[in-house]
Amino acid sequence: MENGIHYRTCHLCEAMCGVAIEVSNGKITSIKGDEDDPLSQGYICPKAVALQDLHNDPDRLRKPVRRTDTGWQEMEWDAAFDLVAQKLHQTRSEFGRNSIGVYLGNPNVHNHGSLVSTLPFLRAIGSQNRFSATSNDQLPHMLASLEMFGHQILFPIPDIDHTDLFICIGANPMASNGSLMTVPDFRGRIKRLQGRGGRLIVVDPRCTETGKLADEFHFIRPGSDALLLMAMVNTLFAEDLVELGPAEHLAKDADLLRLAALAFTPEAVSDHTGITAQTIRQLTRQLANTPKAVLYSRMGTSTQRFGGLATWLAYCLNILTGKLDTPGAMLFTQPAIDLVSLGALGGQSGHFGTRHSRVKGLPEFGGEY
Ligand code: SF4
């Protein structure tokens with residue numbers, strides 16, 4: 001690397017903080033947050049600072065290696081690419097395209113190089129045996145997006161910088177720096193929210209790092225989020241608090257939801273959730289009566305028995321209170337690399353269960369098992 005300051009993005013996590021890497025005599029001398037980065041504004045976490053150690057680690061691979069009978073052997077990049085291409089081609093010719101399995105880890109979506117090159121690569125491989133971290137993480141969100149917004153990777157995100165009430169259920173952005181949300185310096189952003197008179201409410205089975213910053217924290221029994229959210233829907237209708245906003249066109253069947261929620265009164269779910277009926281009503285009123293508010297749910301509501309339902313209900317609550325597609329609430333994004341318009345799913349909006357895995361018969365989702 002040339003001497004001077006190199007501006008890059010840390011892609012260890014979804015926050016994608018801007019970093020300024022100072023190089024002197026071919027060595028990294030410091031890694032700092034890039035003050036001019038519009039998203040992270042100078043913030044970085046200790047992981048980015050530690051990239052320096054990773055980079056300078058004498059054991060780090062500098063070149064591709066291949067296993068031989070006599071041990072690992074270094075090779076040149078061109079030779080490595082040729083070898084991989086030849087083996088992939090040979091395997092596919094001999095055993096068919098589905099003989100190649102593809103697994104994609106999370107950092108692929110934090111890296112613009114991967115974002116633009118992965119899709120053509122997957123199309124070229126042509127295998128139906130694709131896997132990723134998604135199934136451990138966000139499938140319920142993708143299913144809700146497909147059913148509600150028409151595309152499985154169309155994720156609205158909380159407008160944290162302009163909201164006055166951030167209700168966070170089953171998520172710990174203090175540790176994750178946001179997931180399906182992307183918020184470097186969550187602590188700073190929450191301080192600014194609180195500084196302008198806003199509030200953070202956290203609902204979680206554990207008093208997490210995010211819970212410790214909250215103005216209001218409520219324990220909930222694990223796996224009972226769908227009951228809480230259903231009771232909030234019940235309260236909205238019972239107290240005449242439904243006010244559809246810009247997303248009214250998404251709420252054609254709102255009356256069916258009212259009927260479905262009839263039995264789930266705050267009293268009926270209180271014992272199951274561990275949250276009092278009064279608290280459930282107050283939580284609902286705060287969401288409905290705060291003009292700029294948002295209800296955000298994540299891993300804790302996703303990776304559980306009622307994950308699909310809980311995630312769908314969280315979006316329903318935002319829609320029923322006019323908190324979707326409006327500033328200070330849940331917003332659709334305008335990404336630099338728009339996977340939806342790039343046709344990430346072969347031009348389709350998504351699919352579920354169009355084929356099943358060979359051994360367990362589990363459904364594919366968006367082309368992945
Ligand atoms: S929060 Fe830390 S790990 Fe994540 S992108 Fe920023 S610096 Fe990197």
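Me: Let's start with Arg 196. Is Arg 196 buried, partly exposed or exposed?

Reply: Partly exposed, with 37% relative accessibility. Bear in mind that this is a predicted model.

Me: OK. Which side chain does Arg 196 meet in a salt bridge?

Reply: That would be Asp 164, with 3.9 Å from N to O. The pair links distant parts of the chain, 32 residues apart. Asp 164 sits in the loop between β8 and β9, while Arg 196 is in the loop between α7 and β10.

Me: And how accessible is Asp 164?

Reply: Its relative accessible area is 29%, so Asp 164 is partly exposed too.

Me: How many salt bridges are there in total?

Reply: The count comes to 10. One of them joins Arg 206 to Glu 209, with the closest N and O atoms 3.6 Å apart. Arg 206 is partly exposed at 47%, and Glu 209 is partly exposed at 36%.

Me: Which residues are linked in a network of salt bridges?

Reply: Glu 239, Glu 267, Arg 281 and Arg 285.

Me: What about Asp 255, which residue does it bridge to?

Reply: Arg 258, and the closest N and O atoms there are 2.7 Å apart. Both belong to helix α10, where being 3 residues apart separates them by about one helical turn.

Me: Why does that spacing matter?

Reply: An α-helix has 3.6 residues a turn, so residues three or four places apart point the same way.

Me: Staying with α10, which of its residues are buried?

Reply: Ala 254, Leu 257 and Ala 261, in a helix that runs over residues 254-261. These three cover an arc of only 55° around the axis, so they are on the same side of α10.

Me: What do those buried residues pack against?

Reply: Two other helices, α9 (225-238) and α14 (307-320).

Me: Switching to aromatics. How many pairs does the structure hold?

Reply: There are 8 aromatic pairs. Take Phe 131 and Tyr 369: the ring centres are 6.3 Å apart and the planes are at 45°, so that pair is tilted.

Me: Where do Phe 131 and Tyr 369 lie?

Reply: Phe 131 is in strand β7, and Tyr 369 is in the segment after β15, so the pair ties together parts 238 residues apart in sequence. Phe 131 is partly exposed, at 34% relative accessibility.

Me: What's the geometry between Phe 166 and Tyr 296?

Reply: Phe 166 and Tyr 296 make a tilted pair, at 5.8 Å centre to centre with 35° between the planes. Phe 166 comes from strand β9 and Tyr 296 from strand β12, so this pair ties together parts 130 residues apart in sequence.

Me: Which residues do ring pairs link into a cluster?

Reply: Phe 149, Tyr 315 and Phe 332.

Me: Last thing, the surface. Which residues make the nonpolar patch of about 340 Å²?

Reply: Leu 61, Val 65 and Trp 72 make it. Val 65 is in strand β4, residues 65-68, and is partly exposed at 31% relative accessibility.

How values were computed:
Residues numbered from 1 in each chain as written. Predicted model: local features only at pLDDT ≥ 70, side-chain atom pairs only at ≥ 80, totals over all residues. Heavy atoms only, no water. Phe/Tyr/Trp six-rings, centres within 6.5 Å; stacked < 30°, edge-to-face > 60°. Helix = DSSP H or I, 4+ residues; strand = E, 2+ residues; numbered from the N terminus. Buried < 20%, exposed > 50% of the residue type's maximum accessible area, 1.4 Å probe, protein only. Arc of directions from axis to C-beta. Contact = heavy atoms within 4.5 Å. Patch = residues over 30% accessible without salt bridge, like charges linked within 9 Å, V, L, I, M, F, W, Y side chains within 5 Å. Areas by Shrake-Rupley, 256 points an atom, 1.4 Å probe, with all protein chains shown as cover. Salt bridge = Lys/Arg side-chain N within 4 Å of Asp/Glu carboxyl O.
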